[in-house]
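Here is a friendly walk through the model on display. Have the structure open as you read, and follow the topics one by one.

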Amino acid sequence: MTDRKQKNSVPAQVRDINSKEIFKNPTLCSQFLRDNVDIPALKRVQPEDIEDVSEHFQAYFGVEFSTDTVKKIRLKDENGTPGDVPLFFISLIEHKSRVDHDIMMQLLRYMVCIWHEYAKEREQKRPGITKTKSFRYPPILPLVYYEGSDRWTASQHLGDRIWHSDIFGMFVPDFRYEVVKIHDYSNEELLDRGDEMSLIMMLNKLQNQEDFRQFRLAPPQQLADMLTNADPHILEIVKNVMYSLMMKINIPVDEADNYVQVIGGNHMGYLFENMEKMDIQAERANTAEARKQAEEARRLADEAQKQADEAQKQVAQLQQEKETLRTEIAYQSYITACRDFSCTKEAAARKFAEKFQTSLADDPQEALKKAFEKVNQYWDEA
């Protein structure tokens, strides 16, 4: 039991990590903004200019989004002088192969909350400021960091998610968000940047055999140089990204541990060099086939349940018809007896209403009315 636990356990020096934790690191976040966002002011952003405020805004929704981050960035001019107005940066990270077409609304909710909170803070410092002509809200940069290999097909404009925006366009708030799709960048582009965040993006690209083949072609020294000046915390993040990747492709724990050990050293460039061929596509095909079989089993189960429900409905209907027929036979027999004993129709109806009131109607007058109807129906048949 102990041996099994040790064999499958994660070594103490590494742990699973998601992209939110990567973006939480101000050094990696500043590298990402400088490298991937074409805004001149962000080319000067440094780690000390970034404050993580994710938890504050996630509280608005009463739930923590495990891959969302919100940053407050202090912008500087060309002389390095900080400005008075911050920039807010929202990053949503998509791991899924299927594109989320409603991600626009998630970004909009964050944006509204950020502006609301900013106005509240400004009002506390100077009451009434938001009602003045000169008051402005801070800019927000909404961005999706997309790790999937499929093309991003979701619209990047809010107006495209609103019915009849072509007619009511002037009344529809609109904005666009930026998409950084890691598979749009070649390994050569990322290597040329030479920073730790670009190395992480290279690792996040590894999703099939061709990706691994391309990674192994990267110049070893260039890969090693990307971590030359990495501080221990960033080095730990890179190790965790690597370990998480190897767990996803079912590399044995002891082998994964050995690969992680070379990260940060001169042998970094030889990662995966001796790794046996990984049939990732076959594994994905097996997974797809298993998913298809599971969906078919669910479909058959749903169909069987529908048939069972329909059969139960028919049984209940037949039972109801049987009870109705039994009741009508009792009505007819009683009316026959009354007629045979020389009762008038009126007397028969009153006796009938008294005997069967509970099954005719709650109201005595209504029961008597229905009794007359039954007597007229069955009198001549009796």
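Helix 3 (residues 26-36) lies across strand 1, strand 2, strand 3, strand 4 and strand 5, and runs at about 120° to strand 1. Axes here are lines fitted to C-alpha atoms, for helices over the stretch in contact, with angles from 0 to 180 degrees between N-to-C directions. Helices (H or I, at least four residues) and strands (E, at least two) are DSSP runs, numbered from the N terminus.

This is a predicted model, in which local features need pLDDT of at least 70 and side-chain atom pairs count only at pLDDT 80 or more, while totals for chains, interfaces and linings use all residues. Residues are numbered from 1 along each chain as its sequence is written, and side-chain values use heavy atoms, with hydrogens and water left out.

- Five strands form an open sheet in the order 1-2-3-4-5, with mixed pairing; two strands pair if DSSP finds at least two bridges between them.
- Strand 1 (50-52) and strand 5 stand at the edges with a single partner strand each, so one side of each has no neighbour in the sheet.
- On average, neighbouring strands of this sheet are turned by 25° against each other, direction ignored.
- Strand 2 (residues 68-73) and strand 3 run antiparallel and are joined by six bridges, with Ile 73 opposite Leu 87 in strand 3.
- Strand 3 (residues 87-94) pairs with strand 4 in the parallel sense over seven bridges, and Phe 89 has Leu 141 of strand 4 as its bridge partner.
- Strand 4 and strand 5 run parallel and are joined by four bridges; the bridge partner of Leu 143 in strand 5 is Glu 178.

**Strand 4, face by face**

- How many of the residues of strand 4 are buried? Seven of the seven are, so strand 4 is largely enclosed by the rest of the structure.
- Buried means under 20% relative accessible area, exposed means over 50%, and partly exposed is in between (1.4 Å probe, protein chains only).
- Ile 140, Pro 142, Val 144 and Tyr 146 point one way from strand 4, whereas Leu 141, Leu 143 and Tyr 145 point the other way.

- Gln 31 sits in helix 3 and counts as buried at 6% relative accessibility.
- Leaving aside neighbours within four places in sequence, Gln 31 is in contact (heavy atoms within 4.5 Å) with Asp 195, Glu 196 and Met 197.
- Helix 7 (residues 196-204) is mostly covered, with nine of its nine residues buried; among them are Glu 196 and Met 197.
- Asn 25 is found in the loop between helix 2 (19-24) and helix 3, and is buried with a relative accessible area of 6%.
- Which residues does Asn 25 contact, leaving aside its neighbours within four places in sequence? They are His 233, Ile 234 and Ile 237.
- Asn 25 and Ile 234 are 209 residues apart along the chain, yet their C-alpha atoms are separated by 7.8 Å.

**Salt bridges**

- The count comes to 12 salt bridges, each defined as a side-chain nitrogen of Lys or Arg within 4 Å of a carboxyl oxygen of Asp or Glu.
- Lys 76 and Asp 49 meet in one of these, at 3.1 Å from N to O.
- This pair links distant parts of the chain, with Lys 76 in the loop between strand 2 and strand 3 and Asp 49 in the loop between helix 3 and strand 1, 27 residues apart.
- Arg 161 forms a salt bridge with Asp 102, with the closest N and O atoms 3.0 Å apart.
- That pair also links distant parts of the chain: Arg 161 is in the loop between strand 4 and strand 5, and Asp 102 is in the loop between strand 3 and helix 5 (103-125), 59 residues apart.
- Arg 161 is partly exposed at 40% relative accessible area, and Asp 102 is partly exposed at 37%.
- Arg 326 and Glu 323 meet at 3.4 Å, N to O, and both lie in helix 12 (residues 280-340), three residues apart, about one turn of the helix.
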